[in-house]
Amino acid sequence: MVHRIWGLLIALVIVPDVYIWLHYYRTRYLHNSIVRKVWWIPCAVMTVYTIALSTIRNFAPTDLTWLNTYLFLFGVFIGPKALFAFCSWIGSALRALFHTRYNYGHRIGLVLGTLGVAAYIYGLTLGVGRIVVRHVDISFNDLPEEFDGYRILQISDLHAGTFDGWRRKILHAEIDSIKKQKDIDLVCFTGDIQNMRPEEVEKMMPELSRLPYMYSVLGNHDYAQYVKATSRLEKSMRKKLIGLENQLGRVMLNENIALHRKLKDGRRSTATIWLAGEENDARPPYPDRANLRKTLKGIPDSAFVILLQHDPSAWQRDILPHSNVQLTLAGHTHGGQMQIFGFRITRLTQEEDLGLYERNGRFLYVNAGLGGLVPFRLNMPNEITVITLHKTINNNKNNSKQP
């Protein structure tokens, strides 16, 4: 993670300190001898810290405390200084351009930096524990009548290793919220149950075993490719993870099953719908193990199909043009884990990054997830989704409570 952008990170550590030193060292703040002596200590510490983390070839350290501590220090000390320096630089340019008396960038930078620190601390503490249950209703012309009102509970992106330590109570609360949902016909998990290693999942099994029986697919983090290992060790780790996840339900690896519904009178529906689980379909650098043709093999052309796929980018790229799947459930994006005035950074790379999308009567729902490698959430709570399917002649009932 750090080694991929270590140069940018070091620049963000050093450049703002240099800028502030050159522009403000004559002020009473930096002219103080004690301040001048200690000014460069945080910069030196963070530079060494960045270089040390960049030498780790795995995506993240085995003990995430090192990464989380780094991110905390970066967000509290480096980010605000970088923001202040940028605003000050813009203010200086505008002052020279318009010949104003004051550099208002200073004040704006101080305000934004202070707000940034407050928001960051909130996202690491209170924000990361927020849970929301979203209810989504979707109508289809070709849904079998016996499945009218069929309720699907979707969860995604647990990243179980992140809940080690004091955050375990968040995972406990999430599972409590899942178990409170009533009259659920199907529970689906759309990938990324671990960060890097199956041992994370193994450690959390006392909590995870409380989950209801669920059908799941693998996400990009579940393929053991975030750890530098031989192909043999990768296969061993992946096999172990699948074994653990199968204890929670069934992992679907480019395969499908027919589903009957248990009716109110206790009978089983005569009609069926199909649940298909496709392995991760992604663009580099994420693993691509999908085989849509194999996943849908044996399903009648006229059947109603729900497809589980971790990466929502596969919907436009492969699922829409090469299948008749009516409903695709995905995760992966986490909604960017933050949203500011409606802006999510994931929108820069992914058109369908959160919520419900429709194309010619076919739907995609992208879940915001229940965790993340980085334990941070700002205006993007952990999400549990309850999707209710409706049978209708027209689509005027389609609606979703969007984030």
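Visitor: Which residue follows α5?
Guide: This is a predicted model. In it, H99 follows α5 and has a positive phi, near 55 degrees.

Visitor: And how many residues does α5 itself have?
Guide: There are 35 residues in α5. From its first C-alpha to its last it reaches 48 Å, close to the 51 Å expected at 1.5 Å a residue.

Visitor: Where is the kink in α5 centred?
Guide: The kink is centred on G75 and amounts to about 40 degrees.

Visitor: Let us turn to the sheet. In what order do its strands come?
Guide: The order is β6-β7-β8-β9-β11-β10. These six strands form an open sheet, and their pairing is mixed.

Visitor: Which strands stand at the edges, and why is one side of each left without a neighbour?
Guide: The edge strands are β6 (255-259) and β10 (355-359). Each has a single partner strand, so one of its sides has no neighbour in the sheet. On average, neighbouring strands of the sheet are turned by 20 degrees against each other, direction ignored.

Visitor: What joins β10 to β11?
Guide: Five bridges join them, and the two strands run antiparallel. β11 covers residues 362-366. Within this pairing, V366 in β11 is the bridge partner of G355, while L364 in β11 stands opposite Y357.

Visitor: How many residues lie between those two strands?
Guide: The hairpin of β10 and β11 has two residues between the strands. In this hairpin, N360 takes a positive phi near 55 degrees.

Visitor: Where does H332 lie?
Guide: H332 is in the loop between β9 (327-330) and β10. Its phi is near 75 degrees, a positive value in a residue other than glycine.

Visitor: Which residues does the cis peptide bond join?
Guide: The cis bond joins P284 and P285, with omega at about 10 degrees. P285 is found in the loop between β7 (273-277) and α11 (292-295).

Visitor: A change of topic: how many cavities of 30 Å³ or more does the structure hold?
Guide: The structure holds two such cavities. The largest cavity has about 70 Å³ of space. Its lining consists of 14 residues, and V128, T162, G371, G372 and P375 are the closest to its centre.

Visitor: How does that lining divide by class?
Guide: The lining of the largest cavity has seven nonpolar, five polar and two charged residues.

Visitor: And what lines the second largest cavity?
Guide: The lining is made up of M1, V2, L53, I56, N58, F59, A60, P61 and L67. Eight of these residues are nonpolar, one is polar and none is charged. About 40 Å³ of space lies in this cavity.

Visitor: Now the pockets. How much space lies in the second largest pocket?
Guide: About 360 Å³ lies in the second largest pocket. It is lined by 16 residues, and T62, D63, L64, G161 and D164 lie nearest its centre.

Technical notes: Residues are numbered from 1 along each chain as its sequence is written. This is a predicted model: local features need pLDDT of at least 70, side-chain atom pairs count only at pLDDT 80 or more; totals for chains, interfaces and linings use all residues. Side-chain values use heavy atoms; hydrogens and water are left out. On a 1 Å grid over the protein atoms alone, a cavity is a set of points where a 1.4 Å probe fits but cannot get out, and a pocket is an open set with protein on both sides within 12 Å along at least five of seven lines; lining residues have an atom within 4 Å of a point. Grid points are joined across faces, edges and corners, and a volume is the space filled by probe spheres set on the points. Two strands pair if DSSP finds at least two bridges between them. Helices (H or I, at least four residues) and strands (E, at least two) are DSSP runs, numbered from the N terminus. Axes are lines fitted to C-alpha atoms, for helices over the stretch in contact, and angles run from 0 to 180 degrees between N-to-C directions. The expected span of a helix is 1.5 Å times one less than its number of residues. The bend at a residue is the angle between axes fitted to the seven residues ending there and the seven starting there. Ala, Val, Leu, Ile, Met, Phe, Trp, Tyr, Cys and Pro count as nonpolar, Asp, Glu, Lys and Arg as charged, and the others, Gly among them, as polar.
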